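Below is a note for a colleague who is meeting this structure for the first time. Please read it with the model open beside the text.

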Amino acid sequence: PFSSSAGRRAAPASWEAKTTAFDALAAALRAGGRRCALEASSRAREMADAFVTHVGDPHHRVAHAVLEAMVEAVPATGLALEPELERLCPPLFPRLVDAKESVRGLASAALAAVGDAFPADAILPSLLASLEQAKAPRAKTGVLEFALYVLSGQGGGTRPGAATLSPASAGSPSLKKWVARVAPLVSDRHAPLRAAAAAGLAAVHARADPVAVLKHLAAMPLSEA
């Protein structure tokens with residue numbers, strides 16, 4: 001089933017075909033088993049190509065099917081999807097503000113799966129890419145809220161307050177870039193975005209790298225700090 005579903009979804013002609021293909025892929029992944037896990041890991045890049053291509057589909061049933069398959073694929077493939085995170089994560093955040101509640105919920109579940117499956121340092125480049133690509137303030141806020149959990153060692157945020165994973169590594173170049181990118185958003189005109197940026201910097205300061213936050217704030221002009 002895994003092989004046939006992966007083949008059928010290569011060039012679907014309609015939303016029905018896309019939905020059927022991704023539903024089949026999700027079902028195959030959900031069935032589990034060692035053979036499925038090995039095949040999923042070997043096809044991680046192929047699946048990532050399909051996810052990135054179709055997760056932004058305007059038809060909500062296609063988006064629903066793609067996201068459901070992603071939720072199953074992340075734990076099934078182990079670390080095989082790690083090299084794909086920088087292109088997999090950015091298109092998920094616009095779906096967090098989708099008009100359909102079911103799509104929003106599955107986008108959140110897919111991100112939570114990523115946060116729980118991969119270390120913070122591996123996810124950080126995809127967070128930078130996601131924040132850069134996010135256009136709407138609500139999408140940027142979603143990136144910041146997710147990053148708060150990941151960078152402070154709380155994984156995908158399924159258990160707020162429980163620091164069960166390692167936070168981002170102090171002193172890493174990526175974390176310094178993140179602080180520099182988030183700090184200006186503390187003065188953004190959108191209140192939820194300002195609040196998310198402030199909370200994110202506070203979390204990095206408390207649990208990951210206080211030096212990076214303090215150094216950046218100290219270097220900012222007084223009008224911005």
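1. Basis of the note. This is a predicted model, in which local features need pLDDT of at least 70 and side-chain atom pairs count only at pLDDT 80 or more, while totals for chains, interfaces and linings use all residues. Residues are numbered from 1 along each chain as its sequence is written, and side-chain values use heavy atoms, with hydrogens and water left out.

2. Overall fold. The chain holds 13 helices and zero strands, where helices (H or I, at least four residues) and strands (E, at least two) are DSSP runs numbered from the N terminus. Of its 225 residues, 46% count as buried; buried means under 20% relative accessible area, exposed means over 50%, and partly exposed lies in between, with a 1.4 Å probe and protein chains only. Among contacts (heavy atoms within 4.5 Å) with a separation of 6 or more, 68% are between residues 24 or more positions apart.

3. The nonpolar core. A nonpolar core is taken here as a set of buried Ala, Val, Leu, Ile, Met, Phe, Trp, Tyr and Cys residues joined through side-chain atoms within 4.5 Å. The largest one has 63 residues, of which Phe51, Met70, Leu127, Leu144, Leu151 and Trp178 touch the most other members. Helix α5 (residues 60-77) supplies the largest share of this core, with 10 residues. Setting aside residues up to four places away in sequence, Phe51 touches Phe22, Leu25, Val66, Ala69, Met70, Ala73 and Leu88. As background, nonpolar side chains tend to be buried together in soluble globular proteins.

4. In one of them, the side chains of Lys18 and Asp57 meet at 2.7 Å, N to O. Because Lys18 lies in helix α2 (residues 15-31) and Asp57 in the loop between α4 (44-54) and α5, the pair ties together parts that are 39 residues apart in sequence. Lys18 counts as buried, at 17% relative accessibility, and Asp57 also counts as buried, at 10%.

5. Further salt bridges. The side chains of Glu72 and Arg30 meet in another salt bridge, at 3.2 Å, N to O. This pair links distant parts of the chain, with Glu72 in helix α5 and Arg30 in helix α2, 42 residues apart; Arg30 counts as partly exposed, at 45% relative accessibility. Asp49 forms a salt bridge with Arg87, whose closest N and O atoms are 2.6 Å apart. Since Asp49 lies in helix α4 and Arg87 in helix α6 (residues 85-88), this pair ties together parts that are 38 residues apart in sequence. Asp49 counts as partly exposed at 35% relative accessibility, as does Arg87 at 29%. Salt bridges that share partners also join Glu39, Arg43 and Glu46 into one network.

6. The largest pocket. Which residues line the largest pocket? The lining consists of Leu96, Val97, Ser108, Leu111, Ala112, Arg138, Gly142, Glu145, Phe146 and Gly156. On a 1 Å grid over the protein atoms alone, a pocket is an open set of points where a 1.4 Å probe fits, with protein on both sides within 12 Å along at least five of seven lines, and lining residues have an atom within 4 Å of a point. Its volume is about 190 Å³, that is, the space filled by probe spheres set on the points, which are joined across faces, edges and corners. Helices α8 (101-117) and α10 (137-151) each supply at least two lining residues, and α10 gives the most, with four. The lining divides into five nonpolar, three polar and two charged residues, where Ala, Val, Leu, Ile, Met, Phe, Trp, Tyr, Cys and Pro count as nonpolar, Asp, Glu, Lys and Arg as charged, and the others, Gly among them, as polar.

7. Ser130. This residue has its place in helix α9 (residues 120-133) and counts as buried, at 1% relative accessibility. Leaving aside neighbours within four places in sequence, Ser130 is in contact with Cys89, Pro90, Phe93 and Val143.

8. Asp209. Apart from neighbours within four places in sequence, Asp209 is in contact with Ala170, Gly171, Leu175 and Val204. Asp209 and Lys176 are 33 residues apart in sequence and 8.9 Å apart in space, C-alpha to C-alpha.

How values were computed
A salt bridge is a side-chain nitrogen of Lys or Arg within 4 Å of a carboxyl oxygen of Asp or Glu.
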